[in-house]
Amino acid sequence: MEEDRFLSLITGGEKKQLQKVEDCNNYTKKFGVALSHDEALRLLESRKTNLKKEERIEFGEGILPKLIFTFCDSPYIYQDNYVETIESLQEIFYLYKNESLDELTDDELLSYMKECFEGVCQGDLEYLEGTCLDQYCRDVRSKGCGFIGADQDDE
């Protein structure tokens, strides 16, 4: 009953976002993870909260479907931690979008997040947020987004 009341309050655009997130299950099921209707609603509510907290706006479907597609195949994500992990990754994404001063595209930030999450972080979200992305965004702010490899000599 509570869900019906909530659904009656969301706009047509939000209903489309919900459908896009739920449609991700067609792909993610291959990796043993899927969102229930309630979990998809939770992620969209978390999105709203994070956007407000980080003072950001998004147009269109937002980052959530891309985030889901990027991380659903991770060996560190399984059904039991799927919603919480995606929720945390979404929060981290918006935070570091701001911390990078929007110098990074969504795809660049997602790619770096995935590379670190799968590599040096070994699925540790705190390490990803507090160490890897923190240093990366400091470098982006001080050297610009083209800094990677810029200090190497070309011989």
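In which loop is A34 found? A34 lies in the loop between α3 (25–28) and α4 (37–53), where helices (H or I, at least four residues) are DSSP runs numbered from the N terminus. The model is predicted: local features need pLDDT of at least 70, side-chain atom pairs count only at pLDDT 80 or more, and totals for chains, interfaces and linings use all residues. Residues are numbered from 1 along each chain as its sequence is written, and side-chain values use heavy atoms, with hydrogens and water left out.

View 1. A34 touches N25, T28, K29, E39, Q79 and Y82, not counting residues up to four places away in sequence; contact means heavy atoms within 4.5 Å. From A34 to C24 the C-alpha to C-alpha distance is 8.0 Å, and the two are 10 residues apart in sequence.

**View 2. Helix α6, residues 82–99.** The 18 residues of α6 reach 25 Å from the first C-alpha to the last, close to the expected 26 Å. The expected span is 1.5 Å times one less than the number of residues. Because 13 of its 18 residues are buried, α6 is largely enclosed by the rest of the structure. Here buried means under 20% relative accessible area, exposed over 50%, and partly exposed in between (1.4 Å probe, protein chains only). L101, which follows α6, has a positive phi, near 60 degrees.

**View 3. Aromatic pairs, including Y76 with F117.** A pair of aromatic rings is described by the distance of the centres and the angle of the planes. Rings of Phe, Tyr and Trp (its six-membered ring) pair if their centres lie within 6.5 Å; planes under 30 degrees apart count as stacked, over 60 as edge-to-face and the rest as tilted. By this rule the count comes to 6 aromatic pairs. One of them, Y76 and F117, is edge-to-face, at 6.1 Å centre to centre and 85 degrees between the planes. Y76 lies in the loop between α5 (64–71) and α6, and F117 in helix α7 (residues 106–118), so the pair ties together parts that are 41 residues apart in sequence. Y76 is partly exposed, with a relative accessible area of 29%, whereas F117 is buried, at 1%. The ring centres of F93 and Y94 are 5.7 Å apart and their planes stand at 75 degrees, so this pair is edge-to-face. Both F93 and Y94 are buried.

**View 4. The cluster of Y27, F31 and F69.** Ring pairs link these three residues. Y27 lies in helix α3 and, at 31% relative accessibility, counts as partly exposed.

Technical notes
Helix = DSSP H or I, 4+ residues; strand = E, 2+ residues; numbered from the N terminus.
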